[in-house]
Amino acid sequence: KHTAPHATTVVEVDMTRLVQWREANKDAVRARHGVDITYIAFVIQAVVDALKAVPIMNSSWGEDKIILKRRINIGVAVALEDGLVVPVIHDADERSIVGLARAVGDLAQRARANKLALPDMQGGTFTVNNVGIFGAIMSTPVINQPQAAILAMNAIVKRPVVIDDAIAIRSMMNLCMSFDHRIVDGLTSGRFMQRVVQNIGAIDPGNL
């Protein structure tokens with residue numbers, strides 16, 4: 001934070017449809033593909049598509065200039081017993097939801113077994129962190145330098161939401177993104193987060 005002026009933006013996303021689909025299909029997906037479809041895979045796919053639409057978010061600060069990255073390499077924060085590591089899914093835009101879920105599971109398993117190689121830790125262009133597993137509903141993540149931003153997923157919580165002037169119980173999640181204000185301003189970050197929310201709503205979980 002002494003290096004990059006941090007700013008944070010927060011949006012909420014309705015995860016009800018994905019929660020219902022996952023509960024109904026997780027066993028069948030595991031039997032067919034041999035992988036657990038977790039919510040982080042859906043969010044990463046939405047982030048990847050948003051990075052394509054708002055490429056400045058897939059960049060880094062280079063002394064006196066902004067360096068745009070052609071490859072989309074998503075860092076995934078993994079909590080260990082005594083710390084945190086951020087291995088990288090390289091070329092995440094070339095993977096399906098199943099492929100992303102498999103990559104996240106593999107990196108997390110190898111991280112906790114202390115079997116990550118140096119290339120696994122290099123080349124990240126944007127980071128996603130799932131603090132929701134600890135029950136957090138709001139967070140202000142610290143940027144993984146020199147990336148432009150980091151997005152934190154928070155816990156999915158059922159709560160009352162007003163829809164068409166009626167109250168409904170929905171599974172809601174807060175997405176919190178900290179960004180380097182030297183690279184990105186509030187307008188751009190807002191457009192990016194709006195795109196992420198739209199992408200999550202447009203995901204077809206049946207097309208894994």
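A charge sits over a ring if NZ of Lys or CZ of Arg is within 6 Å of the ring centre and within 35 degrees of the ring normal. In this predicted model, arginine 22 and tyrosine 39 make such an arrangement, with the charged end of the arginine 5.1 Å from the centre of the tyrosine ring. The model also has 2 aromatic pairs.

**Aromatic pair: tryptophan 21 and phenylalanine 42**

- The ring centres of tryptophan 21 and phenylalanine 42 are 6.3 Å apart, and the ring planes meet at 85°.
- Planes over 60 degrees apart count as edge-to-face, so the pair is put in that class.
- Tryptophan 21 belongs to helix H1, which covers residues 16-33, and phenylalanine 42 belongs to helix H2, which covers residues 39-53.
- The two residues are 21 residues apart, and their pairing links distant parts of the chain.
- Tryptophan 21 and phenylalanine 42 are both buried.

**Aromatic pair: phenylalanine 126 and phenylalanine 192**

- Phenylalanine 126 and phenylalanine 192 form a tilted pair, with 5.6 Å from centre to centre and 50° between the planes.
- This pair, too, links distant parts of the chain, as its members are 66 residues apart.
- Phenylalanine 126 is in strand S8 (residues 126-130), whereas phenylalanine 192 is in helix H4 (residues 186-202).
- Phenylalanine 126 has a relative accessibility of 0% and therefore counts as buried.
- Phenylalanine 192 is likewise buried, because its relative accessible area is 0%.

**Threonine 16**

- Threonine 16 is located in helix H1, the helix that also holds tryptophan 21.
- Its relative accessibility is 6%, so threonine 16 counts as buried; the cut-off for buried is under 20%.
- The side chain of threonine 16 makes a polar contact of 2.6 Å with the side chain of aspartate 14.
- Leaving aside residues up to four places away in sequence, threonine 16 touches Arg170 and Ser171.

**Isoleucine 133**

- Isoleucine 133 is found in the loop that runs between S8 and strand S9 (149-153); S8 is the strand that contains phenylalanine 126.
- With a relative accessible area of 57%, isoleucine 133 is exposed, because the class begins over 50%.
- The C-alpha atom of isoleucine 133 is 6.5 Å from that of alanine 155, although the two residues are 22 residues apart along the chain.

Methods
Residues are numbered from 1 along each chain as its sequence is written. This is a predicted model: local features need pLDDT of at least 70, side-chain atom pairs count only at pLDDT 80 or more; totals for chains, interfaces and linings use all residues. Side-chain values use heavy atoms; hydrogens and water are left out. Rings of Phe, Tyr and Trp (its six-membered ring) pair if their centres lie within 6.5 Å; planes under 30 degrees apart count as stacked, over 60 as edge-to-face and the rest as tilted. Helices (H or I, at least four residues) and strands (E, at least two) are DSSP runs, numbered from the N terminus. Buried means under 20% relative accessible area, exposed over 50%, partly exposed in between (1.4 Å probe, protein chains only). A polar contact is a pair of N or O atoms within 3.5 Å; within protein, one must be able to donate a hydrogen and the other to accept it, and residues adjacent in sequence count only if both atoms are side-chain atoms. Contact means heavy atoms within 4.5 Å.
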